[in-house]
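Hi everyone, thanks for coming. Let me put a structure up on the screen, and then we'll walk through it together.

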Amino acid sequence: MSVIVAKWTIDEYHRMIDAGILSDRKVELLKGEIVEMSPEGEPHAYSSGEAGDYLAKLLAGRAKIRQAKPITLPNDSEPEPDIAIVQPLGREYRQHHPYAENIFWLIEYANSSLEKDLETKSKIYAKAGILEYWVVNLKKLHLVVYREILHGEYVTKLTLTEGIIQPLAFPDVSVAVEQIINS
């Protein structure tokens with residue numbers, strides 16, 4: 001016997017949210033499937049909050065830092081990355097969440113969700129054309145940087161524990177790895 005999973009479109013997902021069906025659940029839509037999100041532990045909440053503040057100062061006037069807010073992707077996905085560095089479109093975001101073309105790069109902080117963030121989400125983000133994706137491994141305190149998309153997958157994967165990195169969207173900006181990891 002095979003199991004058939006019901007797939008949902010973004011419109012159907014939004015109707016469920018509007019109807020209050022998902023109001024008591026912490027979920028996100030990934031490739032048409034409604035997936036439970038892991039609860040945030042203290043290291044996750046602290047590190048992502050501090051990094052968001054750091055990036056907001058570093059990119060002031062050039063990008064908007066959205067923390068734990070939805071993004072809408074073309075592959076029936078509406079994840080809520082820990083940090084999304086997006087175009088500062090102001091009130092336009094009253095009409096829609098950032099689309100792939102509005103996103104400079106994304107950052108996820110992972111402890112219990114490490115496999116989902118490294119495997120599932122990296123594929124979703126690459127297929128959507130997000131040029132850069134960072135994952136902070138809270139267990140090992142290192143930063144995994146995904147870049148260069150080929151055939152819908154990231155082909156470059158760097159692992160950093162210190163130093164400086166220049167985001168692809170802002171090559172003139174130096175980001176201290178330690179400020180992102182917040183070890």
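So, what radius of gyration does the chain have, and how does that fit with a compact globule of 183 residues? Keep in mind that this is a predicted model. For 183 residues, a compact globule would come out near 16 Å, and the chain has 16 Å, so the two agree. If you follow the C-alpha trace along its principal axes, it spans about 50 × 40 × 35 Å.

Okay, what's it built from? We've got four helices and 10 strands. Starting at the N terminus, the order goes α-β-β-α-β-β-β-α-β-β-β-β-β-α.

Of the 183 residues, 46% count as buried. The accessible surface is about 9900 Å², and carbon and sulfur atoms account for 51% of that. As for charges, there are 20 positive and 27 negative ones, and their mean positions sit 1 Å apart.

Let's zoom in on some rings. The whole structure has seven aromatic pairs. One of them is Trp-105 with Phe-170, an edge-to-face pair with 6.4 Å between centres and 65 degrees between planes. The partners are 65 residues apart: Trp-105 belongs to strand E5, while Phe-170 is in the loop between strands E9 and E10.

Are those two buried or exposed? Trp-105 counts as buried because its relative accessibility is 0%. Phe-170 is buried too, with a relative accessible area of 5%.

Technical notes
Residues numbered from 1 in each chain as written. Predicted model: local features only at pLDDT ≥ 70, side-chain atom pairs only at ≥ 80, totals over all residues. Heavy atoms only, no water. Helix = DSSP H or I, 4+ residues; strand = E, 2+ residues; numbered from the N terminus. Rg over C-alpha atoms; globule rule 2.2 N^0.38 Å. Buried < 20%, exposed > 50% of the residue type's maximum accessible area, 1.4 Å probe, protein only. Areas by Shrake-Rupley, 256 points an atom, 1.4 Å probe, with all protein chains shown as cover. Lys, Arg positive; Asp, Glu negative; His and termini not counted. Charge placed at Lys NZ, Arg CZ, Asp CG, Glu CD. Phe/Tyr/Trp six-rings, centres within 6.5 Å; stacked < 30°, edge-to-face > 60°.
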